[in-house]
Amino acid sequence: MADAIMKFGVEPWNFAELVEAFKQAPLYHLAFEVILVVFIIRLIFSKSYSIESTVKLTEAEREQLVQEWEPEPLVPPVDPNHPALHYKVITKQGNNKLVVDGKEGINVGTFNFLGMLGRKETEDAAIQTMRKYGVGTCGPRGFFGTMDVHLNFEEKMAKHMGVEEAILYSYGFSTIASAIPAYAKKGDLVFCDEGVSFAIQMGLLASRSKLKFFKHNNMADLERLLQEQAVEDKKNPKKAKVMRKFIVVEGLYVNHGTIVDVEKLIELKYKYKVRVFMDESMSFFVLGKTGRGVTEHAGVDITDIDLISVSMEAALGTMGGFCLGTRYVVDHQRLSGLGYCFSASLPPMLASAASMAVDITQKETDIFQKLRSNNEFIHVQLSGLPGYRLDGDPISPIKHLRLEETSGDWQKDQAFLEKIVVRALDEGVVLTVARYLEEEEAFLPPPSIRIAVNVTLTEDQLTKITSVIRILAAAVLREKSEGE
Amino acid sequence: MALHRRNGTPFGKGNHDLRQNGSVAYTNGHHKSNGTVLTDETAHPKASKVGKKDFSESFEEVELLTALVTYMSYIILALVGYCRDILMRLGIDKDKAAQESPKLKAFTPLYQDFDSFFTRHMYRKVRDNWNVPIAGLPGAESDLLERYSDDNFWSFKLTGTTRKVINIGSYNYLGFAENHGPRSDAVVASTQYYGNGVCSSRQELGTLALTVELEKLVAEFLGQEDAITFGMGFATNSLNIPSIMGRGCLIVSDRLNHASLVLGVRLSGATVKVFEHNNMESLEKLLKMAIAEGQPRTHRPWKKILIIVEGIYSMEGSIVKLPEVIAIKKKYKCYLYLDEAHSIGALGPTGRGVVEYFGLDYRDVDVMMGTFTKSFGGSGGYIAGSKELVDYIRVNSHSATYASSTSAPVVEQVLSTLKTIMGRDGTTVGQDRVEALKRNTQYFRRRLREMGFVVYGNDDSPVVPVLMYLPAKMTCFARECRKRGLAVVIVGFPATPIIEGRARICLSAAHTRQMLDEALKIMDEVGEELGVKYSRHPLPPLTDKSKME
Ligand SMILES: Cc1ncc(COP(=O)(O)O)c(C=O)c1O
């Protein structure tokens, strides 16, 4: 047929000539055309047949299949010895003491870094608010769930931090998990640290964006990925123009106790035109001279970070969370943040408690310096225990005591560390292992005892904590090697 | 009413009996006067398919003309928006929305143009109707903080004054949004004892003895073996569905399920199929096809199938046809997840929710989920079910592993409220309120229909959507009502179908009869003025005899 087309060229079609051309065409050519046509027809029909065959089950056959189908049980059985089923019950909590299963101990297990939980001022502030507003808000922010307490708190936090806008959520976990998918969508690209918390992982999953993980706290590795992407973008500039790119990091990594290199991060942000989201749940009211977080600590401008999220369930000692940023960025969540729009707002009494905690830090200006020296003390005392490794920055209140050599069995190592935790409680020190869902984590951290330092710990208490841990850690290790 | 104004709470101090508070008992003659609902099918052989003789739900269809006009008004809104966009680009009109920082001009825009178009030209013009701040309890009456805008609603400023309004917008079904009385005193005591937070997760050091007590009582209340509670209702759905369901599983979800359920389903990675709202034929057909065909592509059989429904749908006011759902679930060997966010406390003769409302067996629901933000005046959520289920969730839940547990004052609020509902406080306050809510619901719904409003949903649902259709009328309705002392929620596109803009009323046991009559009067006036009484078959008014007890 190709030569037929060449023959007729651009001239108008003429049926007689067409027939003529067919006659002149070689036989094999015609045979080929016929086979092709037959094949196409067969293709069309066979496809429709195959559709028919899946759809055209008879009613009886369907009933049969329904009858035969046997589902799995709703949930598989769980190990009856799992610690989650034998949870520790807290009957009293103070600013650095806990009563766990009836035993009192010094608390280095919960994130009460500033001892705000257990301070009378915050309790009184909460109670005063409750006496006016009650407890729950009986509605989301949109539907009469906005109280002046919420508005004042948002304004106060924005002003305190030197940003345009703050937005308040009712749950720490849902703050970052809602914020990320409000901006990052399908087709976007997120560069993410391997060490990020589970809440961030859930936010990323909800966003359906493409993910690229870089090695934990390794800016060189991040830059490598960014460069790779820049090359990619050059090849496909159309796509690159509409693809949003984000870097998601934590200020102070809860799973590692490490601090992000925020200076380098900002440099990369402008170099590669990638927005930066940072979860400061652990670094807020912890790092920096006045507790304003990683940006203050590193001496960079907070407005260079596009979005900062903070959980109020750590240093502030209540519940909820908030995001900080420019009005342009943050206001978008008021219509697109799922956990903001579709959930009842934070009980006002808890916002008041947090607000009071902020006031306290402004009065007790040395609180952050004190916390830092406690952190450093513990770091020095617990570093270099034979057989163990202490992960985390010296100035971080979160430290992970890990085994130097793993047995290769995650659960076995966890159970080993758990022994130290149990015995420490008998000695009057409350510890906890960090719990993870082993199957769900993108990059499961090695097991650890997660130590959370508190500013209210006295010198005696600090000494006691470290000596108890040192002695027990050595003892448990010795027993293990004797047992082997 | 004046009695309550003083301290701002409808229940004042201590245990007021609602009937003494001036709320008049109301029955429509169908129900026994003690408020229990007849579900005895043998006594009523012609019981409706859902097994409740008085299960009555209505969704009057919109008239063609109204629908056309509504579409037109959205089109005009959009056209005006485009024109203004052009004017803005030319610099004639001013875009006062927050702008991207100039340092980021070379970055890909943070959000799509449509999002900002919608905010700029549609939502902005009417945004005075949402996020109205209140300065106090979200109770039967609330103090609205008055706002004004001097830049066409780009921003608001508070005037510093408040206006007392009757609140029919908050989910305060049983009136437990309180700041004084025995429950509030218990909250104070718990705050002083435990403090405001927990700073740890359930699996680590976040299980307060108070929480354990609450979980036991929730399980007992719902006739289940065990229960677990979480700090946020939204997260209860979005973080627990993924631990129950996964790849190779099928989730069958009602079309109007809440965003938290939709998010949970998405995070789970399971296949999802959606059936028409509360439509049992659609559900059954879908299940039959799905089981016969198996998983997409591989046609392997599904691992398990979970049906997810809500008790009361918060935008439609409909009640799930639970007896049929359970029959279908049994026939097709599926599991059932029931979200009782709005129905717990608000339905059933003793407030135990939609299962009790239909007189069914609690054990037929596999996963009973609910929240404490509505009827309990607290915050957080629960999941109740068999011991195996709850044990599994304790071990595998995202929320129990990573998220902070609920703070003590909130747990205490829920616990003491639950005790009150169950009569464990030695009073009948809880029971009285459950009955009062039912009376208020039936009275209010009936009166609205008599007036000629199109009212959606079930006669027993305290969520009452009143159809306004046109966006302009809807927003006008809310503004006029607020002006006259009535706080009402409106919802329109995109939360509802484009033509079904509506006002949404949530009744409360704390509303006295006077408040309801005042609210009805205002709605009647405004409704008349705006011409939003669209019903073509309003009910005839009740006779005096049946109106009063
Ligand atoms: C059906 C349903 N589930 C869950 C939720 C979320 O509950 P909460 O406000 O406690 O987060 C809501 C709230 O609006 C709801 O309507």
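**From the interface to a helix**

Chain A and chain B bury about 10,100 Å² between them, with 66% of it on carbon and sulfur atoms. Keep in mind as you look around that this is a predicted model. The contact between the chains involves 110 residues of chain A and 114 residues of chain B. Seven salt bridges are counted between chain A and chain B.

Now turn to chain A by itself. UniProt, in an unreviewed entry, lists residues 109-466 of chain A as "domain: Aminotransferase class I/classII large". Over that stretch the chain is 46% helix and 15% strand, and its end C-alpha atoms lie 13 Å apart.

Within chain A, have a look at helix α18, residues 367-382. This helix has 16 residues and reaches 23 Å from first to last C-alpha, close to the 22 Å expected. Which residues of α18(A) are buried? They are Ile367(A), Phe368(A), Leu371(A), Asn374(A), Asn375(A), Ile378(A), His379(A) and Leu382(A). These residues sit on the same side of α18(A) because they cover an arc of only 135° around the axis. The spacing follows a general rule: an α-helix has 3.6 residues a turn, so residues three or four places apart point the same way.

On the other side of α18(A), Gln369(A) and Val380(A) are exposed. The cover over the buried residues of α18(A) includes helices α17 and α20 and strands β11, β12 and β14 of chain A. Just after α18(A) comes Gly384(A), with a positive phi of about 70°.

Methods: Residues are numbered from 1 along each chain as its sequence is written. Chains are lettered from A and ligands numbered from 1 in the order in which they are written. This is a predicted model: local features need pLDDT of at least 70, side-chain atom pairs count only at pLDDT 80 or more; totals for chains, interfaces and linings use all residues. Side-chain values use heavy atoms; hydrogens and water are left out. Helices (H or I, at least four residues) and strands (E, at least two) are DSSP runs, numbered from the N terminus. The expected span of a helix is 1.5 Å times one less than its number of residues. Buried means under 20% relative accessible area, exposed over 50%, partly exposed in between (1.4 Å probe, protein chains only). The arc is that of the directions from the helix axis to the C-beta atoms. Contact means heavy atoms within 4.5 Å. UniProt positions are given in the numbering used here, feature names are shortened, and annotations may be inferred rather than shown by experiment. Buried area is the accessible area (1.4 Å probe) that two parts lose on being put together, summed over both. A salt bridge is a side-chain nitrogen of Lys or Arg within 4 Å of a carboxyl oxygen of Asp or Glu.
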